[in-house]
Amino acid sequence: MNYRILGRTGLEVSEIGLGTSHNFMHMASSDPAKCVEIVRECLDCGINFFDTAPIYGESERVLGEALEGSRERIVLATKVWESSASAARASIERSFRRLRTDVIDLLQIHNMAGWREVTPAMQAFQREGRIRHLGVTDRRPENYPELIEAMKTGAYDAIQIPYYLGEVQCREEVLPLAREMDLGVIVMRPFSHLRSGLLGPKGSIARMPELKAHHSGTPGQALLKYLLADERGSSVIPATGRAGRMRENAAASGGGALSPEICARLEALVS
Ligand SMILES: NC(=O)c1ccc[n+]([C@@H]2O[C@H](COP(=O)([O-])OP(=O)(O)OC[C@H]3O[C@@H](n4cnc5c(N)ncnc54)[C@H](OP(=O)(O)O)[C@@H]3O)[C@@H](O)[C@H]2O)c1
């Protein structure tokens, strides 16, 4: 596993991290033991960056349980989605309890909800040393002008945005500013094209002859490698509900980068 610096936080994070919404979140209630198994698999593979949120069902609680004993070697990110400072404070206190930690490495405003109101409450935790760094997330490209406004306040050290093969808005509108401000960049939703026929054993990536000559891995690994080729990203955080998947995803780090020509060919598949 290769590691990158999460922008001006200075934290060292694995290039591949674990996201815990959707599949993982449903399993956190129905099959928590499987979630613990997935987290342990991540740790075995050198993954040290974990992202969760209070609205991901029991994810925070299961992650807290699974990471017990490993807290010192991991970078833990969660979120807050509230519209007032008092509700944000209560949510953050719940996150500490559920994650079984005294310190959260990165607290992000989830989809920028109430960012003007809740940021001062988050900064108060930061002054107490209970939160190390603040971030913002947004999954809606139409909201990027407001995201950029928030980034420019200087209050946040990291952003989390959707970036995947074929995505252009984040790449062209947000990442240049993130680089200029030395912000950490967490890449969410790397497999947003699952339904587009790109992935899978018979998908268009698997049938690309020139890729086969340069890449012996899976189509999913090729997509992750494509994202890792952009050095402005700090950690790409796929989610899964399947044991073994994070071993596959972790192996996308290292083992040779995709050439610019292959990246261009992949882009041609979705243009
Ligand atoms: N606003 C926000 O802050 C926000 C919004 C969305 C997401 N996020 C964060 O980003 C993380 C990732 O986003 P996401 O869960 O929406 O989407 P994602 O990671 O792009 O997609 C998850 C899906 O990808 C599949 N998958 C994983 N590895 C694969 C591989 N190697 N090959 C083929 N399929 C693979 C999983 O299926 P299997 O279960 O079969 O592996 C799962 O169905 C979230 O968990 C969350 O932490 C944040």
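**Notes on a predicted model: sheet, helices and ligand shell**

1. Phe50 stands opposite Leu76, a residue of strand S5. The two strands involved here are S4 (residues 49-51) and S5 (residues 75-80), which run parallel and are joined by 3 bridges. Please keep in mind that this is a predicted model.

2. How many strands does the open sheet have, and in what order? There are 8 strands, in the order S3-S4-S5-S6-S7-S8-S9-S10, and the pairing is parallel. The edges are formed by strand S3 (18-19) and strand S10 (235-236), each of which pairs on one side only. As background, strands of a sheet pair through backbone hydrogen bonds, either parallel or antiparallel.

3. Helix H5 (residues 115-127) packs on the sheet, where H5 touches S5, strand S6 (104-109) and S7. The direction of H5 makes about 160 degrees with that of S7.

4. S7 and S8 are joined by 3 bridges, again in the parallel sense. In this pair, Thr137 has Gln160 of S8 as its bridge partner. Is strand S8 (residues 158-162) largely enclosed or exposed, and why? Strand S8 is largely enclosed by the rest of the structure, because 4 of its 5 residues are buried.

5. Asp138 is in the loop between strand S7 (131-137) and helix H6 (144-152). Asp138 counts as buried because 25 other C-beta atoms lie within 10 Å, and the cut-off for buried is 20 or more. Asp138 and Gln160 are 22 residues apart along the chain, yet their C-alpha atoms are separated by 6.6 Å. Leaving aside neighbours within four places in sequence, Asp138 is in contact with Asn111, Met112, Asn143, Leu147 and Ile161.

6. Asn111, one of those contacts of Asp138, is found in the loop between S6 and H5. Its phi is positive, about 50 degrees, although Asn111 is not a glycine. Most residues other than glycine have a negative phi. Asn111 counts as partly exposed, because it has 18 C-beta neighbours inside 10 Å.

7. Arg189 also has a positive phi, near 55 degrees, and is a residue other than glycine. Arg189 belongs to the loop between strand S9 (184-188) and helix H8 (209-214). With 21 other C-beta atoms within 10 Å, Arg189 is buried.

8. Arg265 lies in helix H11 (residues 260-270). Is Arg265 buried or partly exposed? Arg265 counts as partly exposed, because it has 16 C-beta neighbours inside 10 Å. Not counting residues up to four places away in sequence, Arg265 touches Met208 and Glu210. Arg265 and Arg189 are 76 residues apart in sequence, and their C-alpha atoms are 21 Å apart in space.

9. Helix H3 (residues 59-66) and helix H4 (residues 85-99) pack with their axes 7 Å apart, at an angle of about 40 degrees. This angle makes H3 oblique to H4. On the H3 side the contact is made by Glu60, Arg61, Leu63 and Gly64, and on the H4 side by Ser95, Arg98 and Leu99. By class, this contact has 2 nonpolar, 2 polar and 3 charged residues.

10. Which residues come nearest to the ligand? Of the 29 residues around the ligand, these are Gly19, Thr137, Met188, Gly220 and Ala239. Thr137 is also the residue paired with Gln160 in S8. The shell divides into 8 nonpolar, 15 polar and 6 charged residues. Helix H10 (residues 245-250) gives the largest share of the shell, 3 residues.

Technical notes
Residues are numbered from 1 along each chain as its sequence is written. This is a predicted model: local features need pLDDT of at least 70, side-chain atom pairs count only at pLDDT 80 or more; totals for chains, interfaces and linings use all residues. A residue is near a molecule or strand if its C-beta atom, placed from the backbone, lies within 6 Å of it. Ala, Val, Leu, Ile, Met, Phe, Trp, Tyr, Cys and Pro count as nonpolar, Asp, Glu, Lys and Arg as charged, and the others, Gly among them, as polar. A residue is buried if 20 or more other C-beta atoms lie within 10 Å of its own, exposed if 12 or fewer, and partly exposed in between; C-beta atoms are placed from the backbone. Two residues are in contact if their C-beta atoms, placed from the backbone, lie within 7 Å. Axes are lines fitted to C-alpha atoms, for helices over the stretch in contact, and angles run from 0 to 180 degrees between N-to-C directions. Angles under 35 degrees count as roughly parallel, over 145 as roughly antiparallel, 65 to 115 as roughly perpendicular and the rest as oblique. Two strands pair if DSSP finds at least two bridges between them.
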